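User: Hi! I'm new to reading protein structures. Could you walk me through this one?
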Amino acid sequence: MDAVEGLPPELLRFLVYLLSGGFIVTGSALIGVLIFMAKGVLGRLRSIEGAANDQFRTFGQQLSSVRDMITQDLHKHDVRITRLEEWRRTRDGDD
């Protein structure tokens, strides 16, 4: 403490300004790094979201094609059942 008391006030003021300037520069650099990292994380999340949307769209298209295929298959079975019923009716009617 004696060393600080022996310093002239102008030097003490300069040291306080120097330390406060250092804190400001360090804080600004820290904020800049945090902003840079946040932009990187947000960019990565957007790319993941885009990939997920593409996969979901592809899955929806595949699901739609499966639904169409099942609908066509059910229609074929309905036609067969209808023809069999008509055949049975005509056969029973002829006997």
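**Surface and overall shape**

Analyst: Happy to! The protein chain exposes about 8,900 Å², and carbon and sulfur atoms supply 66% of that area. Keep in mind that this is a predicted model.

User: Okay, and how many helices and strands are there in the chain?

Analyst: The protein chain has 2 helices and 0 strands. Its radius of gyration is 40 Å, well over the 12 Å that the globule rule gives for 95 residues, so the chain is more spread out than a compact globule.

User: What does the C-alpha trace span along its principal axes?

Analyst: About 130 × 20 × 10 Å.

User: Where does Gly93 sit, and is it buried or exposed?

Analyst: Gly93 is in helix H2. With a relative accessible area of 56%, Gly93 is exposed, because exposed means over 50%.

User: What share of the residues counts as buried, then?

Analyst: Of the 95 residues in the protein chain, 0% count as buried.

User: New topic: how many salt bridges are there?

Analyst: The count comes to 2 salt bridges. In one of them, Arg57 pairs with Asp54, and the closest N and O atoms are 2.8 Å apart.

User: Why can Arg57 and Asp54 pair up like that, and where are they?

Analyst: They are 3 residues apart in helix H2 (residues 9-94), which means about one helical turn separates them. As for the surface, Arg57 is partly exposed at 48% relative accessibility, and Asp54 is partly exposed too, at 41%.

User: Which side chains meet in a salt bridge at 3.8 Å, N to O?

Analyst: Those are Arg67 and Asp68. Arg67 counts as exposed at 53% relative accessibility, while Asp68 is partly exposed at 37%.

User: And the charges overall? How far apart are the mean positions of the positive and negative ones?

Analyst: The mean positions of the 12 positive and 13 negative charges are 5 Å apart.

User: Last one: which residues form a nonpolar patch on the surface?

Analyst: Leu11, Phe14, Leu15 and Leu18 do, and together they have about 360 Å² of accessible area. Take Leu15 as an example: this residue lies in helix H2 and is partly exposed, with a relative accessible area of 35%.

User: Great, thanks for the tour!

How values were computed:
Residues numbered from 1 in each chain as written. Predicted model: local features only at pLDDT ≥ 70, side-chain atom pairs only at ≥ 80, totals over all residues. Heavy atoms only, no water. Salt bridge = Lys/Arg side-chain N within 4 Å of Asp/Glu carboxyl O. Helix = DSSP H or I, 4+ residues; strand = E, 2+ residues; numbered from the N terminus. Buried < 20%, exposed > 50% of the residue type's maximum accessible area, 1.4 Å probe, protein only. Patch = residues over 30% accessible without salt bridge, like charges linked within 9 Å, V, L, I, M, F, W, Y side chains within 5 Å. Areas by Shrake-Rupley, 256 points an atom, 1.4 Å probe, with all protein chains shown as cover. Rg over C-alpha atoms; globule rule 2.2 N^0.38 Å. Lys, Arg positive; Asp, Glu negative; His and termini not counted. Charge placed at Lys NZ, Arg CZ, Asp CG, Glu CD.
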